[in-house]
Number of protein chains: 2
Amino acid sequence: MTPARTDHDSRRQDVSEAVWQVLAEHGFGGLTMRAVAAALGSSTGLVTHYFAGKRELIAHALDILEVRTAQRPRQAAPAPGLAALRTQMLNILPLTPDAVAMNRIWVGSWDVALSDPDLFAAQTLRYERVRAGLSASIEEAQRLGELPDGDSGRLATTVLAFTHGLVVQALFDPDRLPAATQTRLVDDFLAAFTR
Amino acid sequence: MTPARTDHDSRRQDVSEAVWQVLAEHGFGGLTMRAVAAALGSSTGLVTHYFAGKRELIAHALDILEVRTAQRPRQAAPAPGLAALRTQMLNILPLTPDAVAMNRIWVGSWDVALSDPDLFAAQTLRYERVRAGLSASIEEAQRLGELPDGDSGRLATTVLAFTHGLVVQALFDPDRLPAATQTRLVDDFLAAFTR
DNA sequence: CCGTACATAACAAACGTTTGGCATGTACGC
DNA sequence: GCGTACATGCCAAACGTTTGTTATGTACGG
């Protein structure tokens, strides 16, 4: 009943970390029980001890994705409204090695999510939540007169579309799109909408 | 010298079609020799007869992707410049069932492409070519005074980012983003940059 | 002891690939 | 014209490997 000689949650976290590492390196196509065990330096028995099967592993990986997206070390919003929106966008982009890994996994998850009804629904919900966060900043910016009035949901869709599309291009051409260039593109984008 | 009781290229096309079908339904994670053979109603031997292995199969699938993107039944540009750019964007978006399938494959390909150096390089090149096409319309629009002057390459990156990001959201939430809504978002997007 | 933690190892299924063979066509010496 | 030679199209089967999963064994703290 009571915990044994190892901390269960801590070990489970270790497995999570190994999953993360495998995904960042080989994508969802390379995610196997044995690969995770190897990255962890253990047997597959340990992996199955903490995750019942591969499906649970994948589902958990997507959960980590959302948690890390929400809790990643990010810039605090310097001010509400437009500045907050800009920060939210920069916090998504692959501006640091960690953010590159996260986005690589995020983008890779789309293939499996599009093929599995459960994951599909979960992913759809995730996007809704992200857009809700953007909408809040957009409405605040509109209240402050920093953005013209209009459907904040539609604008959030546009902002998220631009941001995620930029993520993909940055992942495939990091030399052409270093952090500074990405930031500049975000500023140009926002400038076009603030008039 | 060159016997042919069946048209080699034609049969190869049939295999391509089967690959396409499997990808649209199960993604790259579900692309197997046997699945392709089953979709074709043949043996795996036939598949390997036309494509040396799975790697060639994937590489060819990505080629089809680009060819179909370029040659798909699309709206002709009603006019050069901004109108052409708008048409190019609409031609990418999943506005029809066929376009949905194509984009589903396109998005799914990112996971494998990010994990394989060869495919990665090929994909990077493909994006460059797509951006070049957009840049041409952008420069024409600038010449016509429809768009403000500025780095056409950077603007092309922004346009492609927005378009591809919208593709992803539309795939995951087709009810919220029907064709009319996508078109509207494109028009709003362009309006913000034309001022 | 008893339950947790993990290794080891086995398992069937699915995988990519290879092989042998049987058609069926063209090419060509005769 | 005809038979030999050879290439192509394709199937069926088997190969060895890798997969996810499960069963069994061992160590150990409470």
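Which residues in helix 5 of chain A meet helix 7 of chain A? They are Leu82(A), Ala84(A), Leu85(A) and Gln88(A). Welcome to this structure, which is a predicted model.

**Chain A at a glance**

- Chain A is built from nine helices and has zero strands.
- Along the principal axes, the C-alpha atoms of chain A fill a box of roughly 60 × 40 × 30 Å.
- Chain A has 195 residues, and 36% of them count as buried.
- Among the contacts in chain A with a separation of 6 or more, 61% come from residues 24 or more positions apart.

**Helix 5 against helix 7 in chain A**

- Helix 5 covers residues 82-92 of chain A and helix 7 covers residues 117-143, and the two pack with their axes 7 Å apart.
- The angle between these two helices is about 155°, which is over 145, so helix 5 of chain A counts as roughly antiparallel to helix 7 of chain A.
- Where helix 5 of chain A passes helix 7 of chain A, the crossing is left-handed.
- On the helix 7 side, the residues that meet helix 5 of chain A are Gly133(A), Leu134(A), Ser137(A), Ile138(A), Glu140(A) and Ala141(A).
- Sorted by class, this contact of helix 5 with helix 7 in chain A has six nonpolar, three polar and one charged residues.

**Where chain A meets chain B**

- The contact between the chains takes 37 residues from chain A and 37 residues from chain B.
- On chain B, the helices that each supply at least two residues to the side touching chain A are helix 6 (97-115), helix 7 (117-143), helix 8 (152-172) and helix 9 (179-194).
- Helix 8 of chain B gives the most to that side, with 14 residues.
- By class, the side of chain B that touches chain A has 17 nonpolar, 14 polar and six charged residues.

**The two copies of helix 6**

- Helix 6 of chain A passes helix 6 of chain B in a left-handed crossing.
- From chain A, the contact uses Arg104(A), Val107(A), Gly108(A), Trp110(A), Asp111(A) and Leu114(A), while helix 6 of chain B brings Arg104(B), Val107(B), Gly108(B), Trp110(B), Asp111(B) and Leu114(B).
- In terms of class, this contact of helix 6 with helix 6 has six nonpolar, two polar and four charged residues.

**Core and surface**

- The largest nonpolar core has 100 residues, and those touching the most other members are Val19(A), Val107(A), Val167(A), Val19(B), Val107(B) and Val167(B).
- Val167(A), one of these core residues, is in contact with Ile92(A), Leu93(A), Pro94(A), Asn103(A) and Val107(A), leaving aside its neighbours within four places in sequence.
- Ala180(A) sits in helix 9 of chain A, which spans residues 179-194.
- Ala180(A) is exposed, because 9 other C-beta atoms lie within 10 Å and the limit for exposed is 12 or fewer.
- Ala180(A) and Phe162(A) are 18 residues apart along the chain, with 17 Å between their C-alpha atoms.

How values were computed:
Residues numbered from 1 in each chain as written. Chains lettered and ligands numbered in written order. Predicted model: local features only at pLDDT ≥ 70, side-chain atom pairs only at ≥ 80, totals over all residues. Helix = DSSP H or I, 4+ residues; strand = E, 2+ residues; numbered from the N terminus. Buried ≥ 20, exposed ≤ 12 C-beta atoms within 10 Å, placed from the backbone. Contact = placed C-beta atoms within 7 Å. Nonpolar A, V, L, I, M, F, W, Y, C, P; charged D, E, K, R; others polar. Core = buried A, V, L, I, M, F, W, Y, C linked by C-beta atoms within 7 Å. Axes fitted to C-alpha atoms, helices over the stretch in contact; angles between N-to-C directions. Parallel < 35°, antiparallel > 145°, perpendicular 65-115°, else oblique. Left-handed = near helix turned anticlockwise from the far one by under 90°.
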